[in-house]
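This briefing covers side-chain pairs and helix packing in one structure.

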Amino acid sequence: MTDTEPRDRDSGRQPPGGDRSAGRQKKKGRGGFGHVRIIVPMVVGVGLLAYVISIAVAPKSGDQLWQLFRATWWIVLILTVPYLALRAIVWHTLLRQLGIRVPWRPMLVSFAGGEITKSLPGGIYVQNYLLARLEHFGQERIARATMASTAMLGLEAAIAFPIGIILGWPSDPWVRWALVGVAVAWVVLLLLAWLLVRFGIHHLPRGAPEWIRTVTRFIEQFLDAGGELVSWQTARSLPPTATYMFIYVVDLYVIVRALGLHVGLLAAVAIYAFEVLSVILIPVPTEIGLTEFTGLAALTAYGIPGPEAAVVILGLRALATGMTIVVCGVLLVILRAQFSRMTSDAPSDEPAGRAASGAPGANAAQVEEPQS
């Protein structure tokens, strides 16, 4: 398919003025469920974060927090640049593996937006929303891009899981078996979901609402894209994934050492592995709060007193998230023209075929077959 050929809804990009009736039907069918999916994880996350903050409330906590800020902010800032660069490379590689080829500039804008919001419920998928807006994706490409973001979590889990099994949780061997049990449960759940969607897509009654058909097709396309990523080619993304994960471990390690606490680098690796696994395996779609709670528990298991452990975790959250916002904010300012283009590409009365006809100003993103 060439850039000048029109693209249908499922295989390419939709023009700016494309049909939005299906989206209205989906919103009508979902009702207030979307708000629940955001509010409940937010309440859970804020509650867990409040608990960690309550543990950190001690006479010396303020001084300790200021001490680690002064000692480590510049280290975390420097390390944030390669951390984000490697994450962007992994996402870009997975997108191309699924046949989604987009220019670097809109990809980086979308990535930066997602990194700023990834700690919020479902925030990691903001990058897919921005990319879909910038490149006018159709349903199938949105599903495939969403799988690329989800696959990044899968790669992280593939690295963190054996670390958690090997290093374990101090004095609690049952944690290893709990990890195995949860992982097996997820595999079974995903297999059942795939079978259910496969069955449902071919056995939906004719009178089923259109939004149900649309959602079912989206899930099928999402899972099919996941099946394509189960290959040795995806394993090539493991080294950069492991590298950016190790950078975050170094952040944790230098913060611990800045307070004069004695936690080895290997212990820091184990603590971070359990933080990653808690976010991925526990079915609460929020990073904030859950990460802090797990990190607090892991640090105390390694012998760090509760107040100091809470200060370390809160300091890590403030510094890592803060420096990510700084770096991504600078990147968005540099690439601000992409936001102007996203606004100018909003639905208008011009003919829908112009965006896909190769006319001046049309986007040059390519559509290619998934790499084998």
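E210 and R217 form a salt bridge in which the closest N and O atoms are 3.2 Å apart. The model is predicted. A search of the whole structure gives ten salt bridges, and five aromatic pairs are present.

**Salt bridges**
- E210, the acidic partner of R217, counts as partly exposed because its relative accessibility is 34%, and the range for that class runs between 20% and 50%.
- R317 pairs with E287, with 3.6 Å between the closest N and O atoms.
- That pair links distant parts of the chain: R317 is in helix α13 (residues 306-334) and E287 is in the loop between α11 and α12 (290-301), 30 residues apart.
- Both R317 and E287 are buried.
- E140 and R144 form a salt bridge with the closest N and O atoms 4.0 Å apart.
- Both E140 and R144 belong to helix α6, where they are four residues apart, about one turn of the helix.
- E140 is partly exposed, at 24% relative accessible area, whereas R144 is buried, at 8%.

**Aromatic pairs**
- The structure holds five aromatic pairs; one of them joins Y83 and Y244 edge-to-face, 5.6 Å centre to centre with 90 degrees between the planes.
- Y83 lies in helix α3 (residues 61-97) and Y244 in helix α10 (residues 238-258), so that pair links distant parts of the chain, 161 residues apart.
- Y83 and Y244 are both buried.
- W169 and F274 also form an edge-to-face pair, with 4.9 Å centre to centre and 80 degrees between the planes.
- W169 sits in the loop between α6 (139-167) and α7 (174-203) and F274 in helix α11 (residues 265-281), so their pair ties together parts 105 residues apart in sequence.
- Both W169 and F274 are buried.
- One aromatic cluster is formed by Y83, Y244, Y248 and Y272.

**Contact of α6 with α10**
- The axes of α6 and α10 are 10 Å apart and meet at an angle of about 75 degrees, so the two helices are roughly perpendicular to each other.
- On the α6 side the contact is made by M152, L155, E156, A158, I159 and A160, and on the α10 side by L238, T241, A242, Y244 and M245.
- By class, this contact of α6 with α10 has nine nonpolar, one polar and one charged residues.

**S61**
- S61 is in helix α3 and is buried, with a relative accessible area of 8%.
- Leaving aside residues up to four places away in sequence, S61 touches A56 and V311.

Note on methods
Residues are numbered from 1 along each chain as its sequence is written. This is a predicted model: local features need pLDDT of at least 70, side-chain atom pairs count only at pLDDT 80 or more; totals for chains, interfaces and linings use all residues. Side-chain values use heavy atoms; hydrogens and water are left out. Rings of Phe, Tyr and Trp (its six-membered ring) pair if their centres lie within 6.5 Å; planes under 30 degrees apart count as stacked, over 60 as edge-to-face and the rest as tilted. Buried means under 20% relative accessible area, exposed over 50%, partly exposed in between (1.4 Å probe, protein chains only). Axes are lines fitted to C-alpha atoms, for helices over the stretch in contact, and angles run from 0 to 180 degrees between N-to-C directions. Angles under 35 degrees count as roughly parallel, over 145 as roughly antiparallel, 65 to 115 as roughly perpendicular and the rest as oblique. Contact means heavy atoms within 4.5 Å. Ala, Val, Leu, Ile, Met, Phe, Trp, Tyr, Cys and Pro count as nonpolar, Asp, Glu, Lys and Arg as charged, and the others, Gly among them, as polar. A salt bridge is a side-chain nitrogen of Lys or Arg within 4 Å of a carboxyl oxygen of Asp or Glu.
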